[in-house]
Amino acid sequence: MREKLKDIRTLSIDSLRDFFIQNKFQSYRGDQVYEWIWKKGIHDFNQMSNLSKELRNLLINNFKINHVDIDFFKKSNDGTIKNSVKLHDGLFVESVLIPSKNRSTACVSSQVGCSLNCKFCATSKIKRLRNLNMDEIFDQVILMDKQSRTNFNRSISNIVFMGMGEPLMNYNNMIAAIKKITQYRKFGISSRRITISTSGIPKMIMKLADEDFNFKLALSLHSANQSTREKIMPFTKKFPISDLLESLNYWYTKTNRIITLEYIVWDNINDKLSDINDLINFCKKIPSKVNLIQYNSIGDDYFKGANIEIINKYQSELLKHGINSTFRRSRGLDIDAACGQLANK
Ligand code: SAH
């Protein structure tokens, strides 16, 4: 029967105040409860110690608090921890905590599975079952913050939306979660330490540009050639590179923040000089830097990560045109926690 109750975390602070007023209590009780559920992260009404038994029972009879739990986790040799996170309806997503010298980065999922069909990504093999709710995104951050404090003695310092799913296809919940995280659980995190990674949905990038906080934008480009991009990311047939560029320009004009272009180089797909030139032309149109990502195999023969000589060639050609690039080595490879490997294994 409790299943039928409303999840209290779907209520705004105003609705919570109204609830108490309708039940003949003072509205500030709503503020108290709000603080328990968001600031203190309590999942049990009986722990709300500044409420009387009567008030706690009123809540128990009217609401439930859905929350996520870490079902199990795997630790990589490099310290990365991959969590299998169980949602209230029994579905799973993965959240990865990535420690480095001075940081702890929480890599968060936004959807169960993914509706986009990027051929090189393990998550695309699971069809999209549903979007995560705002509190499910929030909870992943809280869980990893606790995990970071236990394992590395510090709070998380960065959040990246690079787990399962396409964050811009779950726009409202993602934004609401970021607002809650920065408002109630600062962890010393400003929105500038939050990166949203998208495979590139122009309309939503424009929408993002109109938000009034300062997060970073990363675009999974992988090829600046329309026909190549369509082959490896078929959904981009609907979103041509020209539209993408237009939306990125809008983003830059509005935010003045440069965009990180995520880019994997594969043999026989985008390893030619013409591919490098396409990328250079793209970068000339939009203030950006390039993050060359090591390819993590998902067991498909078609995709083979290019060797270091090709990567070096990319970097030196980009540099000739004044474009900065980095080559990112993957973390958590031994536990399938690296980019593109999240598939509930
Ligand atoms: N949907 C979002 C966020 C998830 S993926 C996006 O596409 O940006 C996070 C990053 O990992 C993206 O840049 C994605 O292209 C990259 N990625 C996907 N599969 C990969 C793989 N097998 N090896 C390395 N990186 C991969």
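Predicted model: local features only at pLDDT ≥ 70, side-chain atom pairs only at ≥ 80, totals over all residues.
## Around the ligand

A polar backbone atom of Gly-165 sits 3.0 Å from a nitrogen atom of the ligand. On the oxygen side, a ligand oxygen atom lies 3.4 Å from a backbone N or O atom of Thr-198, and the side chain of Glu-262 has an N or O atom 3.2 Å from an oxygen atom of the ligand. The ligand on its own has 530 Å² of accessible area, and the protein covers 96% of this.

## The largest pocket

The largest pocket has a volume of about 820 Å³. Its lining is made of 30 residues, with Arg-103, Val-160, Met-162, Asn-291 and Arg-328 nearest the centre. Several strands give two or more residues to this lining, among them S5 (92-99), S9 (158-161) and S13 (288-293). By class, the lining splits into 13 nonpolar, 10 polar and seven charged residues.

## The second largest pocket

Next comes a pocket with about 220 Å³ of space. Where does the second largest pocket lie? Domain 1 (2-64) and domain 2 (69-335) both give residues to its lining, so the pocket lies between them. The lining residues include Arg-2, Glu-3, Lys-64, Asp-69 and Lys-86. In all, this lining has two nonpolar, three polar and five charged residues.

Key. Residues numbered from 1 in each chain as written. Heavy atoms only, no water. Polar contact = N/O pair within 3.5 Å; in protein donor to acceptor, adjacent residues only side chain to side chain. Areas by Shrake-Rupley, 256 points an atom, 1.4 Å probe, with all protein chains shown as cover. 1 Å grid on protein atoms, 1.4 Å probe; cavity = no way out; pocket = protein on both sides within 12 Å on 5 of 7 lines; lining within 4 Å. Points joined across faces, edges and corners; volume = space filled by probe spheres on them. Helix = DSSP H or I, 4+ residues; strand = E, 2+ residues; numbered from the N terminus. Nonpolar A, V, L, I, M, F, W, Y, C, P; charged D, E, K, R; others polar. Domains from an automatic or database assignment.
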